[in-house]
Amino acid sequence: MAPKIFFTADLHLGHSNIIKYCNRPFQTVEEMNEKFIENWNDTVSDRDEIYVVGDFAFMGTKHVEEMLKRLKGRKYLIRGNHDKGLNETMALKYFDWIKDYYLLKVPERDNQVQKIVLFHYALRT
């Protein structure tokens with residue numbers, strides 16, 4: 001079976017205030033982190049590709065690394081506005097690459113290619 005491609009964004013792992021700001025159904029940041037990791041690993045296999053389109057985590061380097069070690073799949077990160085403090089040297093042990101922008105070309109049937117622009121644009125309301 002061919003690897004699957006997944007997309008996610010705005011996980012904000014470790015960001016306790018995001019629970020309140022986005023009305024997430026968790027009592028604690030630890031509960032939120034664990035549920036996201038569980039759902040990720042229930043969906044993504046080690047062969048799959050997953051593109052994180054910004055705002056992966058909002059926590060210290062040690063905790064980010066602990067989370068990344070547990071996540072399945074080949075991971076790619078598009079930087080988000082909350083990823084500025086990310087230790088990229090550490091993160092590149094787990095992400096295949098980290099970029100600001102990426103044009104993903106997905107082969108389709110009949111030699112066609114679907115182009116998908118990946119970019120994290122933080123909208124202020």
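Predicted model: local features only at pLDDT ≥ 70, side-chain atom pairs only at ≥ 80, totals over all residues.
User: How do I read a nonpolar core, and which members touch the most others?

Analyst: General idea: in soluble globular proteins, nonpolar side chains tend to be buried together. A core here is a set of buried Ala, Val, Leu, Ile, Met, Phe, Trp, Tyr and Cys residues joined through side-chain atoms within 4.5 Å. Buried is under 20% relative accessible area, exposed over 50%, and partly exposed in between (1.4 Å probe, protein chains only). In this model the largest core has 20 residues, and W40, F56, V64, L68, L77, A91 and F95 touch the most other members.

User: Which helix or strand gives the most to this core?

Analyst: That's α3, with three residues. Helices (H or I, at least four residues) and strands (E, at least two) are DSSP runs, numbered from the N terminus. There is also a second, separate core of seven residues, including Y51, V53, W97 and L118.

User: Now the rings. How many aromatic pairs are there?

Analyst: Nine. Rings of Phe, Tyr and Trp (its six-membered ring) pair if their centres lie within 6.5 Å; planes under 30 degrees apart are stacked, over 60 edge-to-face, and the rest tilted. Take Y51 and W97: the pair is tilted, at 6.1 Å centre to centre and 50° between the planes. Y51 sits in strand β2 and W97 in strand β4, 46 residues apart. Y51 is buried at 3% relative accessibility, and W97 is buried too, at 14%.

User: Why is the pair of F56 and F95 edge-to-face?

Analyst: Their ring centres are 5.6 Å apart and the planes lie at 85°, so the pair counts as edge-to-face. F56 is in the loop between β2 and α3 while F95 is in strand β4, so the pair ties together parts 39 residues apart in sequence. Both F56 and F95 are buried.

User: Which charged end sits over the ring of W97?

Analyst: The test is NZ of Lys or CZ of Arg within 6 Å of the ring centre and within 35 degrees of the ring normal. Here K99 has its charged end over the W97 ring, 4.8 Å from the centre. W97 is also linked by ring pairs into a cluster with F7, Y51, Y76 and Y102.

Notes: Residues numbered from 1 in each chain as written. Heavy atoms only, no water.
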